[in-house]
Every structure is written in structure tokens, then in C-alpha cells.
Amino acid sequence: MIRSDRLLYELQPDGFGGRHCESWEEWQPKAHQALPNFPDDVLKQWLYRHWKGVLCNWGWLDFQSMRFELESWTSEQIQSQIRTPHQEVVDKLSRRMTNPIFQRSWLVQQMQEMGTWPQAPIVLRYERDIAMANGKSLKAPFNLLEGHHRLAYLNKIIEQGAYHQDKHDIWVIRIPTH
């Protein structure tokens, strides 16, 4: 697999993490030129907003080979098939959803009203388990790359028997094996 950490360094939004970060409109053409196969939604919610986390956690993946498909999954498919090496984070966020402070979150409120997430989370499909440098592993076939809050909140909505839609959009990434 071809590592992408060097490419990601070059794509760092100017001023990332600071008060005067390069705007999405300024950054998008540069990113789209380097990664023409990336949908704008994925570029914006994943690489632009979470650049450092993407670099640190996923820079070892081959970004230039990634292929994307927007799929519609049932709640049962999501809960039974999507895994994450950060399940403890998802569980913690799910428990917090009942806290009145978290009930005021725009994301919690929007998901409770809509019965789904406002943006499709991003999931990696891979044919085999992948060992990560931090000692954890990605379990085949589907691993969550971006959208831990959304997954946690959807899980809690379903657990509580609250209103939720039958289907939810998911960005599925496939990386051809070399």
C-alpha cells in the first residue's frame, strides 16, 4: 500500500488549527487537484475539518487509490457491520447523549428531528483485517474513519426506540489491493 502522509502534509490548510485558517473555498481547488477522485463532501468533512487527525490516524492509507460510493444502509446493517478501533469512544459518546448538556448539541437535536445524520459518515471497506501501528486493528470488512459522534448518537436513538429513518447514507471507501 502506498502511504499518503507526505501528500497530506502538502494538503494542510494554511493556518490549520489557528484563528486565520485557509477557507474551504480557497483550499478545495488545491485538494481536488491532488485528489480528484474525492467527492467534495468527503474532502470537506474529513480532510479539511480534521486534517491533523487524518494525517496522524490514516496517513498510512493510499488516498490516491481510494474510490468512493454513497450507499444507503439500514440501521441494522450499520449496527451489525460497521466497526471501529475506537469503539470505547463511540460507547462513551452514546452514553453522554442522555446528559441534558449534550441534548442541547446541534448534532443531537438535528439527528433526533431528522432520524438520521446530516452528513454521511465515512467507512473503509477492506477484505481483511489490517494491523495498525498503535497496536489496534481495523476489522474487515467495514471500519468507521469519520463520524464517531454520528454513529454513537444513532446507536442511542435506536437503543431508546426513538424515531429514526429506515435508511441512512454512508460514504464507502474502497482501496484496491496492490
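The conversation below covers the pocket, the sheet and a few single residues.

Q: What kind of model is this, and what do the values rest on?
A: This is a predicted model, in which local features need pLDDT of at least 70, side-chain atom pairs count only at pLDDT 80 or more, and totals for chains, interfaces and linings use all residues. Residues are numbered from 1 along each chain as its sequence is written, and side-chain values use heavy atoms, with hydrogens and water left out.

Q: How much space lies in the largest pocket?
A: The largest pocket holds about 470 Å³ of space. A pocket here is an open set of points on a 1 Å grid over the protein atoms alone where a 1.4 Å probe fits, with protein on both sides within 12 Å along at least five of seven lines. The volume is the space filled by probe spheres set on the points, which are joined across faces, edges and corners.

Q: Which residues lie nearest its centre?
A: His 50, Glu 146, Gly 147, His 148 and His 149 do, out of 21 lining residues. A lining residue has an atom within 4 Å of a point.

Q: Which element gives the most to that lining?
A: Helix α4 does, with 4 residues. At least two lining residues come from each of α3 (40–48), α4 (51–58), α6 (87–96), α8 (106–114), β6 (142–146) and α9 (148–159). Helices (H or I, at least four residues) and strands (E, at least two) are DSSP runs, numbered from the N terminus.

Q: And the lining by class?
A: There are 9 nonpolar, 9 polar and 3 charged residues. Ala, Val, Leu, Ile, Met, Phe, Trp, Tyr, Cys and Pro count as nonpolar, Asp, Glu, Lys and Arg as charged, and the others, Gly among them, as polar.

Q: Changing topic, in what order do the strands of the sheet run?
A: The order is β1-β7-β3-β6-β2, an open sheet of 5 strands with mixed pairing. At its edges are β1 (67–74) and β2 (82–83), each of which pairs on one side only. Two strands pair if DSSP finds at least two bridges between them.

Q: How does β3 run against β6, parallel or antiparallel?
A: Strand β3 (residues 122–125) and β6 run antiparallel, joined by 4 bridges, and Val 123 stands opposite Leu 144 in β6. With β7 (residues 167–174), β3 has 4 bridges and runs parallel. In β7, Val 172 is the bridge partner of Val 123, and Ile 173 is that of Leu 124.

Q: Is Gln 45 buried or exposed?
A: Gln 45, in helix α3, is buried because its relative accessible area is 2%, and buried means under 20% (exposed is over 50%, partly exposed in between; 1.4 Å probe, protein chains only).

Q: What does Gln 45 touch?
A: Leaving aside residues up to four places away in sequence, Gln 45 touches His 50, Gln 119, Ala 120, Ile 122, Glu 146, Arg 150 and Trp 171. Contact means heavy atoms within 4.5 Å.

Q: And where is Ala 162 found?
A: Ala 162 is in the loop between α9 and β7. Ala 162 counts as partly exposed because its relative accessibility is 31%.
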